[in-house]
Amino acid sequence: MLKRMTISAALVTAALMTAGCMAPPKNLDLSLAKKSASGVYQVELLPPAQAPAINQMHSWKVKLATAEGVPVRGAKFLVDGGMPQHGHGLPTQPRVTREMEAGTYALDGMKFSMTGWWEMKLAIDGPQGADKVTFNTMVTNPSAR
Amino acid sequence: MNKRVIWTFAAAAAFTASVFAAQELSAPLRDKWTAQEVAIIASMRLKVAGERPAELSNAYELKTEAATLGRALFNDTRLSKNGQVSCASCHSATGQFEDGRQFGQGVGTGKRRTMPVMGAAHSPFLFWDGRKDSAWSQALGPLEDPAEHGGNRVAFVQLVLSQYKARYQAVFGPAPALGKLPENASPNGTDAERTAWAALPEIARDGVNRVFANMGKAIAAYERNIAYGESRFDQYAEATVRGDARGQESLTPQEVRGLRAFLNKGQCVTCHNGPLLTDHGFHNTGVPSIDPKNPDRGRIEGLKKLLKDEFNCLGPYSDAKLEQCGELQFLNTNDTGQLGAFRTPSLRNVAARAPYMHAGQFASLDQVLQHYATSPKAAIGHSELARPDEKHAERQTIRLSAADIQDLAAFLGAVTGPVVQPK
């Protein structure tokens with residue numbers, strides 16, 4: 001009887017963990033600094049200092065450098081993304097609005113409409129050529145107590 | 001004592017230990033939740049919504065006199081073509097500020113389900129298709145809609161300035177000089193009304209628009225005070241967060257099973273999240289079309305109207321600065337997912353306001369839940385719901401049994417609270 005109870009508890013737990021969108025894929029790469037897909041650039045995403053509330057408009061920063069680490073000026077970006085587990089895109093159309101200092105760009109108009117796993121995708125067009133990069137981020141509720 | 005007692009105690013302890021090992025728990029409550037579930041439940045408490053931040057495009061939103069004037073306008077049936085339709089005709093204060101009908105019935109019959117006023121102040125976009133970006137500009141839509149109030153702005157402005165002049169001026173200052181106006185004119189009206197509108201000098205048209213916009217701002221100031229009150233779910237949620245075992249009795253065991261399904265198998269919390277149980281977004285969930293040959297295109301068309309609206313955040317009658325109009329500045333106009341997508345309604349008090357969906361397609365919550373259990377193909381665009389016959393690497397089909405549906409319906413009943421409104 002004890003064995004049955006333990007097994008059913010484990011099954012319940014497993015069901016809870018895999019149901020709905022509660023669990024992102026294992027081994028999700030959450031790194032916010034990586035090479036672009038073809039290795040042309042190094043890209044770093046900087047989130048806002050204070051975690052925004054759900055549905056609050058906010059800004060990130062993008063730092064763009066060559067593969068050797070030299071800041072890249074004058075690049076253009078297209079921003080896309082969404083929640084792969086829910087089949088929807090970003091609720092807004094964020095865009096890079098200006099270059100703040102050499103190789104650091106303001107990414108404005110970001111908004112997350114719910115918690116969970118979001119993809120942020122950048123298509124980059126710079127002096128070294130065109131490339132793209134995808135970042136993953138887990139959005140959580142800032143403490144709601 | 002005896003062997004049986006010891007064995008039972010040991011089994012219970014081991015069972016509890018294995019459950020504890022698998023989940024993080026904060027307190028020995030009647031109903032056990034993972035730490036992640038507790039965080040989500042905490043985020044669904046009504047109080048987390050807080051005071052709605054001010055609508056920056058409406059400088060009069062917080063003024064008491066504006067709300068008093070707005071309430072009078074809200075209830076004035078003279079603000080219609082036939083003198084019989086007011087905002088309250090469809091948004092009735094005695095119920096849920098809606099009409100319980102499949103389609104709104106004003107001067108004519110509308111195409112969509114009347115939405116409640118509560119919670120609208122928290123949403124960046126209004127209407128099922130999000131074609132308005134503030135409560136004040138939303139109020140102007142039905143006034144000129146031929147199926148609703150059937151009126152025109154020149155007629156309305158003349159009525160307000162003759163019947164409400166002192167109250168209007170106490171809030172908004174001196175009314176603009178409008179010169180001689182025709183009886184009826186509007187850029188949105190009949191051919192005759194459009195012609196009359198075009199014939200007006202620019203300064204008169206601007207003055208009429210200004211007063212018209214102010215009517216909306218007064219109405220929005222009144223609507224801001226209409227809100228949802230706490231439900232048994234909120235008591236339960238607070239108790240769960242605080243580790244108050246007694247407080248968890250606010251929900252019955254069936255309602256708790258429904259909440260579990262809401263957070264897990266049903267995937268409802270995907271969109272029905274946050275303190276108002278809506279993400280304020282637009283989603284296509286394959287709701288059946290009233291007219292299959294002509295399905296409602298939803299948000300895709302709403303976006304076009306929003307961008308052209310002279311009363312939007314960026315327009316001349318908005319009190320907001322350019323940089324305060326973030327939602328419009330960063331509007332996503334390229335998302336093909338918005339075809340056939342509609343605004344996620346709040347689920348607060350949902351059990352009190354059948355029928356459901358943008359054209360009242362479902363007469364009961366049971367039918368709504370059946371819809372999600374079936375996850376049909378969309379009439380237009382693509383449904384976000386994973387279909388049972390599709391294989392998705394990342395998405396899962398919603399699997400609900402008949403018992404799950406009953407439990408969910410029970411839970412949704414527990415989300416009903418009072419409507420808070422001015423006396």
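Hi everyone, let's start with one cysteine: B:C313 is buried, at a relative accessible area of 12%. Buried here means under 20% relative accessible area, exposed means over 50%, and partly exposed lies in between, using a 1.4 Å probe and protein chains only. A quick word on the ground rules: this is a predicted model, where local features need pLDDT of at least 70 and side-chain atom pairs count only at pLDDT 80 or more, while totals for chains, interfaces and linings use all residues. Residues are numbered from 1 along each chain as its sequence is written, chains are lettered from A and ligands numbered from 1 in the order written, and side-chain values use heavy atoms, without hydrogens or water.

So which cysteine is the partner of B:C313 in a disulfide? B:C325 is, with the two sulfur atoms 2.0 Å apart; a disulfide is a pair of cysteine sulfur atoms within 2.5 Å. The torsion about their S-S bond is about -80 degrees, so this disulfide is left-handed. B:C325 is buried as well, at 2% relative accessibility. Over all chains, the count is one disulfide.

B:C268 is buried at 17% relative accessibility, and B:C271 is buried at 12%.

Now over to chain A. Chain A has one helix and nine strands, where helices (H or I, at least four residues) and strands (E, at least two) are DSSP runs numbered from the N terminus. Of the 145 residues in chain A, 43% are buried.
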